[in-house]
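Please keep the model open while reading the numbered points below.

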Amino acid sequence: MLKLFFFLLLTLPLTAFASVTDSASAPATEVASAPATNLASAEKKFRVVIDPGHGGSDFGAVRDSFKESKIVLELARHLKTSLEELNVKDVHLTRESDQTLSLKERVTKANEIGADLFISLHANTSSQPLWSGMEFYFNATSRPAAEAVPLKPTNNEVVSQIQKDFRHYEKTEKSLVLSKSMQLVLTDSREQKSIIKRAPFYVIENTQMPSILIEIGFISNRREAQKLIDPAYQKELAQLIAKALMNYQLRY
Ligand SMILES: [Zn+2]
């Protein structure tokens, strides 16, 4: 019975991940059809932690005068404002200024705050100057069967492991839904490429809540970089990300 349970537990999420593809073939979900600004729903507890990547001595990607750490901090501030305008008042930034912050400190902050959602903002760079578009990452870890249950587990260990696995799968499933919501809103609204990927980035892997890391565009692409530093574009992008977050929230 227990073996069957773990078999189900371990195989169940695979179907959920099968549909992760690039934007061209990503199926539309019902997420986007929900109204974006349901204020009544927003009044529920919804605590968001926004993590502007890098900062301080760590500039992230740099190309000419474009600096990732600065761009994502500006976007994070716009995003906080956009969420507050949608009545999501419990919004925190992992860093409010150009300060150095370790990955562990970012995760600890989000976990201690008890965020319902964690969103890490980054900008991409490539040696291919024409590459452009957005990327959405969610956590990659799939717990192998051998780790799922100790060899001779006590009942308490089994129960605790089951609880951990459920939390893990719930986080992964919700993070995927969030990624799809982002892709749908951001790709529909702009004629740009995007892709959803799984990757073991520290901050999305170690936060306890549904998490997403967004690469907002390529600063190595001069045209895209010019847009990314434009306050009007940052504001528009922030509003779209906020809309996608609201679509996600309405589902839960
Ligand atoms: Zn980065």
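This is a predicted model: local features need pLDDT of at least 70, side-chain atom pairs count only at pLDDT 80 or more; totals for chains, interfaces and linings use all residues.

1. In which helix does Arg167 lie? Arg167 belongs to helix 6, which covers residues 155-189. Helices here are DSSP runs of H or I with at least four residues, strands are runs of E with at least two, and both are numbered from the N terminus.

2. Residues are numbered from 1 along each chain as its sequence is written.

3. The chain contains nine helices and eight strands. It has 252 residues, of which 38% count as buried. A residue is buried if 20 or more other C-beta atoms lie within 10 Å of its own, exposed if 12 or fewer, and partly exposed in between, with C-beta atoms placed from the backbone. Two residues are in contact if their C-beta atoms, placed in that way, lie within 7 Å. Among contacts with a separation of 6 or more, 83% are accounted for by residues 24 or more positions apart.

4. Arg167 is exposed because 12 other C-beta atoms lie within 10 Å. Its C-alpha atom is separated by 10.0 Å from that of Pro210, 43 residues apart along the chain.

5. Helix 3 (residues 68-85) packs with helix 9 (residues 231-251) at an angle of about 50 degrees, and their axes are 8 Å apart. The axes are lines fitted to C-alpha atoms over the stretch in contact, and angles run from 0 to 180 degrees between N-to-C directions. The two helices are therefore oblique to each other; angles under 35 degrees count as roughly parallel, over 145 as roughly antiparallel, 65 to 115 as roughly perpendicular and the rest as oblique. The crossing of helix 3 and helix 9 is right-handed, meaning that the near helix is turned clockwise from the far one by less than a right angle.

6. Which residues form this contact? From helix 3 come Glu74, Leu75, His78, Leu79, Ser82 and Leu83, which meet a set in helix 9 including Gln234, Lys235, Ala238, Ile241 and Leu245. The residues of this contact divide into eight nonpolar, four polar and two charged. Here Ala, Val, Leu, Ile, Met, Phe, Trp, Tyr, Cys and Pro count as nonpolar, Asp, Glu, Lys and Arg as charged, and the others, Gly among them, as polar.

7. His78, in helix 3, is buried because 21 other C-beta atoms lie within 10 Å. Apart from neighbours within four places in sequence, His78 is in contact with Gln234, Lys235 and Ala238.

8. Two loop residues deserve a look. His54, between strand 1 (48-52) and strand 2 (62-63), has a positive phi of about 60 degrees although it is not a glycine. Asp64, between strand 2 and strand 3 (66-67), has a positive phi near 55 degrees. Are these residues buried or exposed? His54 is buried, with 24 other C-beta atoms within 10 Å, whereas Asp64 counts as exposed because it has 9 C-beta neighbours inside 10 Å.
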